[in-house]
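Work through the exercises below with the sequence and model at hand. Try each task before reading its solution.

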Amino acid sequence: MSRTANPLFYRFIIGKPGFYATDKCIGCGKCERVCPLNNIKMAGDIPRWENTCTHCMACIHQCPAQAVEFRKISVGKNRYYNTGEL
């Protein structure tokens, strides 16, 4: 059943629309570097999201300036960063 639902779910619910960088963005490009699908490209100092996002949230959670948001869902929410330490 998920074989039928997943393409629609990713295209209309999860996909690119909604990600943006606020004016807090410092143009460091970390979001571009941490994206596992190379979905983010820097246009000068501004990140731009393309169409292969799987909503892993790496760009949101690893932004040093907390400048990446997804619609209004992530605004004001804490960020999580895995340091790899146990």
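The exercises cover cavities, a strand pair, one valine and the cysteines.

The model is predicted: local features need pLDDT of at least 70, side-chain atom pairs count only at pLDDT 80 or more, and totals for chains, interfaces and linings use all residues. Residues are numbered from 1 along each chain as its sequence is written, and side-chain values use heavy atoms, with hydrogens and water left out.

**Exercise 1.** Find the cavities of 30 Å³ or more and describe the lining of the largest cavity.

Solution. Start with the term: on a 1 Å grid over the protein atoms alone, a cavity is a set of points where a 1.4 Å probe fits but cannot get out, and lining residues have an atom within 4 Å of a point. Grid points are joined across faces, edges and corners, and a volume is the space filled by probe spheres set on the points. The search of the whole structure gives two cavities. The largest holds about 100 Å³. It is lined by 14 residues, of which Cys 35, Cys 53, His 55, Cys 56 and Cys 59 are closest to the centre. Sorted by class, this lining has ten nonpolar, four polar and no charged residues. Here Ala, Val, Leu, Ile, Met, Phe, Trp, Tyr, Cys and Pro count as nonpolar, Asp, Glu, Lys and Arg as charged, and the others, Gly among them, as polar.

**Exercise 2.** Describe how strands β2 and β3 are joined.

Solution. Strands are DSSP runs (E, at least two residues), numbered from the N terminus, and two of them pair if DSSP finds at least two bridges between them. Strand β2 (residues 40-43) runs antiparallel to β3, with four bridges. Lys 41 has Arg 48 as its bridge partner in β3. The two strands form a hairpin with two residues between them, and Gly 44 in the turn has a positive phi of about 75°.

**Exercise 3.** Is Val 68 buried or exposed?

Solution. Buried means under 20% relative accessible area, exposed over 50%, partly exposed in between (1.4 Å probe, protein chains only). Val 68 has 3% relative accessibility, so it counts as buried. Val 68 lies in strand β4 (residues 68-70).

**Exercise 4.** How many disulfides are there?

Solution. A disulfide is a pair of cysteine sulfur atoms within 2.5 Å. The count is zero. For Cys 31, the closest cysteine sulfur is in Cys 25, at 6.4 Å, which is too far for a bond. Cys 53 is in no disulfide either, since the nearest cysteine sulfur, in Cys 59, is 6.5 Å away.

How values were computed. 1 Å grid on protein atoms, 1.4 Å probe; cavity = no way out; pocket = protein on both sides within 12 Å on 5 of 7 lines; lining within 4 Å.
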